Structure formats: structure tokens, C-alpha cells
Amino acid sequence: MIAHVSTFTLAGLEPHRVTVEVDLRNGLPSFTIVGLGDRAVRESRERVQTAILNSGFKFPPNRVTVNLAPASLRKSGPGFDLAIACGVLAASGQVPADRLEGLAVFGELALGGEIRPGRGVLAVAEGVREAGLDGLVVSVERGEEAALVEGIAVHGVGSLRQAASVLRGVRPEDRAEHRGSRGPRRLRAASERVVDLADVRGHASVLGSLTVAAAGGHNLLLTGPPGTGKTMLARRLPGILPPLSAAEALEVTRIQSVVGLRAAGSLVAERPFRAPHHHISASGLVGGGAVPVPGEATLAHHGVLFLDELSEFSRDALEALRQPLEDGRVAIVRGQQTAIYPTRIMLVAATNPCPCGYLGTDRCRCSEPELARHRRRLSGPLLDRIDLQVHVARPSAEELRGPAHCTSAVERERVIAARERQSDRLAGSPATCNAHMDAAQVRRLVRLDAEAEGELWRDYDKGALSARGHQRVLRVAQTIADLAGSATVRRGHVLHALGLRRDGLAEAESA
Ligand SMILES: Nc1ncnc2c1ncn2[C@@H]1O[C@H](COP(=O)(O)OP(=O)(O)OP(=O)(O)O)[C@@H](O)[C@H]1O
Ligand SMILES: [Mg+2]
Ligand SMILES: [Zn+2]
């Protein structure tokens, strides 16, 4: 007889349903797996056979053929083991086949029959729901993760024996039952990781710019001498961004699950913050590899990607980041397989204004060629994607002794209010914040009053603004108006935005 078992494989982050067909036939004993599997899938034979025997079942003394359908879909990884084993047990009458109809089975087997926790279980569970199946048999360690998906029954099992019990409809005592219906839980993140803007001394205007960046989703460049708090400021940005929506939290958790960054059964509650080292390659940054894996830009999806020491990153890496920044996604093509990874990020970059870091003061010892080289490295492909460029000067002694200017909680409320205005205005468009408005949206949606209009064109006529710069100023001015709760963009908002646009590098040089 032929047994059918549903399971899933991941292409990038997307689950694809795979049917494992197991056929038993009289003839010389053999065990063949077909259906475009990678090496791990082919090696599944040895694990499955040994695990079946070590679990006290019989391996059928027949010609056993396993087909992974559809054959056109490339399948990778050891996650098919459990489904193949269940198929063999069902085809040989050792477990009832009918229970397998509404279930999907996913997991890697150890030789002793234990089930290993695998990666990407959340994505698999989402596939189970989308396919309209009612349950998933998965390793007990991943049960809670799978149960984050509503509306499916999750059977967490520790071994092939326990999986067989589920198929027989009996409840082994040590089996964990999860019902994916209690809805996504939000767990507070461990408090030790919480950093607050209240730690920052001085920098009143820089902090204002940080809030503008967060409110509009604008990319941000921080320049300034060493030790003034650039890294410190960047790390506090996720804390003033709006909380992840339920859908976003699921997406972020799915990404972290696929790359094996987390194993806990809770949803990610905080926006990601990724700070890759400047030695990172282009594929490390945006994803790639023979079997495509997501890069830092995807790990930072819905959060902040922080490039500290921007001038030290390779040109290739920065060049590769351009398109993902623009599109919010990256496509990795390998042979016939294309993996799409989301990259909706806020980019924050930091750099010293010159190689020694003290440009603009008499401590600077950089020569003219050194300065020119530094400037060239920064004027690279990314800078025109950065709406806000802010100079972080050394705070005075008085400022360092003084009180904090703000707290993350208060700034976050302002950001949330400003984002609400934006989502009302942008309803029905893929953009969710001002930074993502395209040129047509800027023209149609940004309303300047007469004075503001006059101010902007005066600047443009002076030749101080390029056409692109003009667009940028409008986007940022709109965010400033949103923070102020103003329905129109006024002259003050435009002036503020023009100030923020002034190149942080140029400012340092003239300081
Ligand atoms: N404005 C500030 N208020 C409070 N503490 C500060 C401030 N600036 C710097 N510090 C302290 O100095 C440490 C170093 O700051 P940080 O690493 O953010 O500097 P940086 O500007 O990134 O320097 P570099 O250019 O060397 O990377 C911080 O961890 C913090 O303890
Ligand atoms: Mg730093
Ligand atoms: Zn210098």
C-alpha cells in the first residue's frame, strides 16, 4: 500500500508543502528516496532505518520507495526524517494511516529514535495553517514555538515512539500538548537589556533628531569625534520605535527561528538591533550562499541595522545594501531557486569625521590626502539613502554633569502618535511611514502652507538643494510636522528639516 504524509520544506523563509509518499512492494529489500532532495535528505535513509529499528518497530523487508512530491521543488535539510519514518510505519501497517490525513509531521531523527529540535518550526506551523491542516507533530522542544500559530493543534513529541502514539490516538504521559489557539503571547524582554535615553547627557538637539528619525523611519548618519556617544545613541533607537505589531512580531520570530537564533517558545517582543562588524562581506550583509541564508539586513527586519565605523565597510558590502534599502526586500538567486528575504530596516550609520576623529579641532593631525580619502570612502553609494545627517559634538562638562533631556518612554509615545498620523495619511499604500513615501506621494500628500513653500523654494533657488535633496527635506519636514501634531507643514518645520539635512560631515569641518 501507499502511505501519504504531509510535511514542509522552507524556500528562504517561505514554507512549501511536501507530500511524502511511501510505497512497499514485494521484491528484494531496498530503500530508495527520490524527489530532488539534497544530501541531508538522501542521508535520511540511514537515520530513518536505524531509528525505526531502535524504536522497537520493524523495518519492512520489502522494496521501499519514498517519493518527495512535488518533484520539481528542491528539498533540503534533515527535517523530512520523521515524516519518512511515519510513512514507512503507516505503509507497513504499524501505525494507522488515517490519522495522518489532517496532520503534518516535521523533525529530524537521531539514530536512537529521538527527535531533534529543528530550525524554522514557526514557518512550518504557518504553512500547516495555510494548508488547512489541523495539526503538526514536531519535536517537544519546538512545541511552544509552533503553538504561536493560532488554530492548529501542536503535538510535541520526544521520539519516534511518541509520534507513533499520536498517530494511534493514545496519549503518552510525557507528551506535551499545545493548542495554538491561545493567541500570540507578548513576553516582556529581560530587563537587563533595556537601555534608555535617560542615560544620555547633553546632546539636546541630537536627541531631537533621533526622535525625528524614529518617528518618520528615516535613515540616520551620526558623525562626531570618538567617545561622544554615537554608539550609545544608536543602541537606544529601537527603544523609541513603536512596538511590533502582532504580524511583525511573528515575522521577526520566524526569521530568527529559521536562522536558529532563538529556540524559545515566545514571540520576539523587541525590535531587532543588529550591529555587524565592518569586516562583513556583501553576502553577510544582505544574504547569499550556496544554500541561501538571510543576511544582517534581514535579521534587522522591522528594526535597526547599525553600521558603526561606516567608512571601514567595504564598498561592495555597502553597494549591495542599496537595493534592499530601497525595496524592503532582497532576492537571492541560486540556480533555479530564488529566496526572497524581507529587509524593511532603519539604517543607522556612525563615523568619525576624519581618520583621527578630531576634525575641526586643533587635535586633528590628519593630512589633506587622508581627509580626501576619508571623504571619498563616505561619499559612497549609501549616503544619498540617508535622510538625516547629524553631528554629535563633544558634550561640555556642564552638560555631562547635568540632568537627562528625555526618557525613552516619553519619546516613544511621541513617535507612536506621529506614526499614527502617517498611517492615516498613507492608508492603502505600501508605505507606512514618511521615509518610505515615493516622489509622487510626497507631491500629493505633503501639504505646505504658503510661508513654508516660499522658504523651501528660496533655498532651492539659491542652489543649496538638489532635486533629490528637496524631496528629502519634504519627507523630514512632514515628520517634524507630524511630531508637532500639525496638519500642514509650516515654515518652522521646513527650517528645522533644512538644518537636519546639513551634512554632518560638512558641519564638523566648518566647526
Ligand atoms: N553624552 C553622553 N552621556 C553619557 N555618557 C556618555 C555620553 N557620551 C559618551 N558616554 C559614555 O562613553 C561611552 C562611550 O560612548 P560611545 O561608545 O557611544 O562613543 P562613540 O561616539 O560611539 O565613540 P567612537 O567614535 O569611539 O565609536 C558610553 O558607553 C557612555 O558610557
Ligand atoms: Mg562608537
Ligand atoms: Zn583628523
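Trainee: What conventions and confidence limits apply here?
Mentor: Residues are numbered from 1 along each chain as its sequence is written, while chains are lettered from A and ligands numbered from 1 in the order in which they are written. The model is predicted, and local features need pLDDT of at least 70, side-chain atom pairs count only at pLDDT 80 or more, and totals for chains, interfaces and linings use all residues.

Trainee: How many helices and strands are there in the protein chain?
Mentor: Helices (H or I, at least four residues) and strands (E, at least two) are DSSP runs, numbered from the N terminus. The C-alpha trace spans about 85 × 45 × 45 Å along its principal axes. On that basis the protein chain has 20 helices and 17 strands.

Trainee: What percentage of the residues in the protein chain is buried?
Mentor: A residue is buried if 20 or more other C-beta atoms lie within 10 Å of its own, exposed if 12 or fewer, and partly exposed in between, with C-beta atoms placed from the backbone. The protein chain has 511 residues, and the buried part is 45%.

Trainee: What distance separates the centres of domain 1 and domain 2?
Mentor: The bounds, from an automatic or database domain assignment, are 2–179 for domain 1 and 191–510 for domain 2. Taken over C-alpha atoms, the separation of their centres is 44 Å.

Trainee: Which element gives the most to the side of domain 1 that touches domain 2?
Mentor: Two residues are in contact if their C-beta atoms, placed from the backbone, lie within 7 Å; the contact takes 17 residues from domain 1 and 16 residues from domain 2. On the side of domain 1, the elements giving two or more residues are β1 (2–11), α4 (121–130) and α5 (143–146). With 3 residues, the one that gives the most is α4.

Trainee: How many nonpolar residues does that side of domain 1 have?
Mentor: Ala, Val, Leu, Ile, Met, Phe, Trp, Tyr, Cys and Pro count as nonpolar, Asp, Glu, Lys and Arg as charged, and the others, Gly among them, as polar. The side of domain 1 that touches domain 2 has 3 polar and 5 charged residues, and its nonpolar residues number 9.

Trainee: Why is α4 described as largely enclosed by the rest of the structure?
Mentor: Its buried residues include V121, L122 and A123. They pack against elements including β1, β2 (14–25) and α9 (246–258). The description holds because the buried residues of α4 number 8 of the 10.

Trainee: Which residues come nearest to ligand 1?
Mentor: A residue is near a molecule or strand if its C-beta atom, placed from the backbone, lies within 6 Å of it. The shell around ligand 1 has 4 nonpolar, 8 polar and 2 charged residues. Of the 14 residues around the ligand, those that come nearest are P226, G229, K230, T231 and M232.

Trainee: How are α7 and α18 oriented to each other?
Mentor: Axes are lines fitted to C-alpha atoms, for helices over the stretch in contact, and angles run from 0 to 180 degrees between N-to-C directions. The axes of α7 (residues 204–216) and α18 (residues 467–484) come within 9 Å and cross at roughly 100°. Angles under 35 degrees count as roughly parallel, over 145 as roughly antiparallel, 65 to 115 as roughly perpendicular and the rest as oblique. The two helices, α7 and α18, are therefore roughly perpendicular.

Trainee: Is N219 buried or exposed?
Mentor: N219 is found in the loop between α7 and β11 (220–223). Among the residues it touches are M346, L347 and R385. Because N219 has 22 C-beta neighbours inside 10 Å, it counts as buried.

Trainee: Which residues join through a cis peptide bond with omega of about 0°?
Mentor: Most residues other than glycine have a negative phi, and most peptide bonds are trans. P70 lies in the loop between β4 (63–69) and α3 (81–91). The cis bond joins A69 and P70.

Trainee: What is the phi of H302?
Mentor: H302 is found in the loop between α11 (296–299) and β13, and is buried, with 22 other C-beta atoms within 10 Å. H302 is not a glycine, yet its phi is positive, about 65°.

Notes: Lists of a residue's contacts leave out its neighbours within four places in sequence.
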